[in-house]
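This report walks through a structure from its loops to its helix packing, cavities and confidence. Please keep the sequence and the 3D view open as you read.

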Amino acid sequence: MSWSGGPHGAPEPGAVGLAARVRAGEVRAADVAEETLERVGRRDGELHCFNVVTADAMRSAAAAVDRLVASGADPGPLAGVPVAVKDNLCTRGVPTTCSSKMLEHWVPPYDATVVTRLVAAGALVVGKTNLDEFAMGSSTENSAFGPTRNPWDTSRVPGGSSGGSAAAVAADLAPLALGSDTGGSIRQPAALCGVVGIKPTYGLVSRYGLVAFASSLDQVGPFAATVADAALVLEVIAGHDEMDSTSLDRPVEGLLDATGSGAGGLRVGVVADFLADASADCASAVRAAAEVLAGAGAAVEEVALPELLHGLSAYYLIAPAEASSNLARYDGVRYGLRVDGDDVEQMNARTRAAGFGPEVRRRIMLGTYVLSAGYYDAYYAQAQRVRTLVARTFARAYERFDVLLAPTTPSVAFPLGAKTADPLEMYLADLFTIPSNLAGHPAMSVPFALDPQGLPVGVQVLAPALGEVAMLRAAGVLEAGAAPGARGPVASRSEAGR
Amino acid sequence: MAVELSSEEVLHVARLARLELGAEESTSAARQLSAILEHVDAVRALDLGGIPPTSHPLELVNVLRDDVERPCLDRADVLAGAPAVEDGRFAVPRILGEAP
Amino acid sequence: MSTGPAPAGAGRASADFEVVVGLEVHCELSTATKLFCGCPNRFGSEPNTQVCPVCLGLPGALPVLNRRAVELAVRVGRALHCEIRPSTFHRKNYFYPDMPKDFQISQYDEPIDVDGYLELPSGRRIGIERAHIEEDTGKTTHLGGGGRIHGADRSLVDYNRAGVPLVEIVSRPDMRSADEARAYVAELRAILVASGASDGRMEEGSLRVDANVSVRRTGSDAFGTRCEVKNLNSLRSLGRAIEHEQARQVALLEAGERVVQETRHWNEDEGRTSSMRSKEEANDYRYFPEPDLVPLAPDGAFVAAATAGLGLMPAERRARLATTVHGPDAAVAASTLDQITTVVDLGLDDLVVEVVERGADARLALARAANEAAQSPEDARRLDPGAFCRLLELEAGGSLSSTQAKSVLAEMLAAGGEPDAIARRLGYEALGSEALESAIDAVVAAHPDAWARYAAGEDKVAQLLTGQVMKATKGRANGKAVAAALAARRG
């Protein structure tokens, strides 16, 4: 049995289909759980998608779903569907480490709202997925517990920071996963792993229980093998949460339907400036995608939005600033690691030096510096103005277009270690994804092509705030027009000896 | 306008951020931070005089909750992750100064 | 000016220097729950039993602002004549173990209440720069150093108080003496209680005061270098600390030294302030807008709803009482001012105003309230206005002597009841004119010389004769009636 087919040539029921079959009693959730655990056991030693696999909890959740089905009760729209959860989302009773030594043994006493919603919808949590420590990174190499490997080529990175979630879906270890996206941490690994990844409108999905990196930029979103599956997860996790002051109080409807409703009449702008900064393969994928949309009845033209490229610099001021404050609480007093010291200051400083990895320490220092006396106006306030500039640039574009089309990443998956020596090189991986975070807009990556080495290339669809329906319409069309084999899972291929 | 952080400045920032930092580390950290700042320095050069800062993507105001009690955590859960506990409280080494 | 021996420094201070005081008062708001979560805002529970992921600062938890706290802050602002402004929350970043997130959520450059004032009983107005909302910290207990932070070998932290809502009220540097600073805090406390914002308990830490103290040569317009004095847990410590700081700073200046701007800690036992260890980076709070909260913009409807039912503040009540007693625009004697202040402080002004409206003598009503009723304010606030009014009538009309009236009032306060009935029970029925005349006969017969002098026009002897009549009637006679009868008899 497979829920997502792909290169096997099996039927493609996807998560939507799997849930339907579980709800109908055709498939037992318990069997889904066992098969998933078997597959994870077989593959994850090599890939390291998971920091922890919650086999017992998964089995009891599956049993509960089967009981509901047997009793005729509604087990929920994701009944019996396995989902992998990024390890920066709190799970009651299950370690939530953020792939940091700081929180290696921390067990939250509460569930993130998105986890509560997934479980209430009948989903089966497989475990917690690896990430760049505290979501800071673009390759998952910043994990304190070792990198995740890209299932398409295990010598390459899966992207990051949600690399474990992206790789888990790409390797068929779960049809669905949750990630978080602060500057591209869902879309970039989705592109590098050949899966679908959505960063929703800021405020659409609750952040309660998401361990904060940069609060004004962070959003939780789904990974899936198909656009429809991702849309279904988004429908389940979106919606107002009274525990999050920045949660929007709006109905979320029609996302799943949008994925199949075509692109007729859609106005699409292709971000010309991004094409120039992308590799030839990534740029040509976008051009091909534009043709697919035009062929489906969309009005497509190029648009110059050079101001968006200032987003990267603004991001690397704003995100570290917020992070420096968000990560202050890891001080060895209440939870997590403590390294002893003669006095509380020394204990704090030793704990933080030992508990955080180099990239996290670097960003904390950077953020502390740009907020400190004398530098706030030159750096932080100025970056906030660039944020306004980016939002205005988008607003101007969205007067003429319903969605924008762009590369997700400047290049395909790079080899492990290729960029670890130079932080700046790594930061560039987020060049095309960051502007949407600064503006709070939705954007998603859709697997669309393969490069000459057979590595997946994603294209990015961007939309204005709450423009998810238009975004998913375009994404559905792109998925249908994608190159054969452009998306995961790639289990058979990887198992065949790569 | 190249930015060059001295290792003294870096040590000052490390103290503010409560990160223990040795002398050699401070030199390499100064180099790395300077490189990053130099890269983002384009931002400082932009003429954005007429543009107001945006601190948040949302334009919401007045998000308030009613003054109604919710359940607290069990104390066992509160203290479960604590590195050191004494008498139902979180124990810390001696504190050298009063709160600012 | 006093010529007695002055305490060292203090005498010179008052002659050549004046002290300038501004106060920062932290007030815990009387909400049911904390500022950003649903944990109870309650004093005295077992440690760490009133915490949740939010106020414990657990990873992933987010703040949601308590509506009631905002309403109370709006009430405080209105009561202090402030402008109610759109405001934002910032993070104040510093490490301290009593702060679960190692930053405090506070309003920084855009506070909710700005630019108001508070009027002291003396009539002096003290400017209010701002009042803003912020969260409280946890509580630290120091072990192994006699309970003090210095010398302790470890500390224990209880986060029950972490996240309790506070308003910090910042005055302008408008006070010029320790007495004035005490009066300010007393007045502010009364306002906070009257507006329903606080229970006003200083001893439980509901109100905490920091004082900014500087001195300058009398007549100078420029401010001196100030010190911030912390750990002022009572009005008494506040007054003592200011006087000490004043003397210390004057002594420095007179010795040709400088006052160093710093934070100083008041030691109540030693009666002195000492410098608190501070590092230069401790003051770099790296404020930035709190991204987990959205701005506050209370509109007219919100403010109107929040301030509904906000009664008169003490200054307004004092003004109303003064008008009731003296009519508008009359100058009020200092002794009367004290009586008015006492009556308002004790919440007896409604009673006085009501009985005056019913026709009671205003000065008499004020005096009985400020002196006798004030002895047991709890009982006095329960006094039936009709009964109190009747008592004042009996006294003013001469049916009861003032001594008798006070006894009846004491009885009314202790057990309630109607003054006529109490007076009867106590045997205070006014003396009939026959009984009075025969008492006067007896006194005249017993003191012929005195009577002769009085009859000859020596008016001051009336007092002696009246006293004798009072004595003979065991106080049942009314003084005014006796005087009238004596005058009539003299012809």
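A:Ser161 sits in the loop between strand E3 (124-129) and helix H5 (163-170) of chain A. Helices (H or I, at least four residues) and strands (E, at least two) are DSSP runs, numbered from the N terminus. A cis peptide bond joins A:Gly160 to A:Ser161, with omega at about 10 degrees. A:Leu466 is not a glycine, yet its phi is positive, at about 65 degrees.

This is a predicted model: local features need pLDDT of at least 70, side-chain atom pairs count only at pLDDT 80 or more, and totals for chains, interfaces and linings use all residues. Residues are numbered from 1 along each chain as its sequence is written, chains are lettered from A and ligands numbered from 1 in the order in which they are written, and side-chain values use heavy atoms, with hydrogens and water left out.

**Helix packing**

Two packed helices are described by the angle between their axes and the distance between the axes. Axes are lines fitted to C-alpha atoms, for helices over the stretch in contact, and angles run from 0 to 180 degrees between N-to-C directions.

| Helix pair | Angle | Axis distance |
|---|---|---|
| H1(A) (residues 14-23) and H7(A) (residues 227-237) | roughly 65 degrees | within 6 Å |
| H11(A) (residues 311-326) and H2(B) (residues 23-45) | about 110 degrees | 8 Å |
| H11(A) and H13(A) (residues 358-371) | about 100 degrees | 7 Å |

Take H1(A) and H7(A), whose axes cross at roughly 65 degrees. That angle makes H1(A) roughly perpendicular to H7(A) (65 to 115 degrees; under 35 counts as roughly parallel, over 145 as roughly antiparallel, the rest as oblique). A:Gly14, A:Ala15 and A:Val16 of H1(A) make the contact with A:Ala228, A:Asp229 and A:Leu232 of H7(A). Contact means heavy atoms within 4.5 Å. The contact residues divide into 4 nonpolar, 1 polar and 1 charged. Ala, Val, Leu, Ile, Met, Phe, Trp, Tyr, Cys and Pro count as nonpolar, Asp, Glu, Lys and Arg as charged, and the others, Gly among them, as polar.

H11(A) packs against H2(B) at about 110 degrees. H11(A) is therefore roughly perpendicular to H2(B). From H11(A) come A:Leu312, A:Ser313, A:Ala314, A:Tyr316 and A:Leu317; from H2(B) come B:His39, B:Val40 and B:Val43.

**Cavities**

The structure holds 6 cavities of 30 Å³ or more. The largest cavity has about 120 Å³ of space. Of the 20 residues lining the largest cavity, C:Val54, C:Leu62, C:Pro63, C:Lys101 and C:Ile105 are the closest to its centre. The lining divides into 11 nonpolar, 2 polar and 7 charged residues. On a 1 Å grid over the protein atoms alone, a cavity is a set of points where a 1.4 Å probe fits but cannot get out; lining residues have an atom within 4 Å of a point.

**Confidence**

Chain B averages a pLDDT (the predictor's confidence in each residue, from 0 to 100) of 91, and 98% of the residues score at least 70. Chain C averages 90, with 95% at least 70. Over residues 1-13 of chain C, the pLDDT is below 50.

Definitions and conventions
On a 1 Å grid over the protein atoms alone, a cavity is a set of points where a 1.4 Å probe fits but cannot get out, and a pocket is an open set with protein on both sides within 12 Å along at least five of seven lines; lining residues have an atom within 4 Å of a point. Grid points are joined across faces, edges and corners, and a volume is the space filled by probe spheres set on the points.
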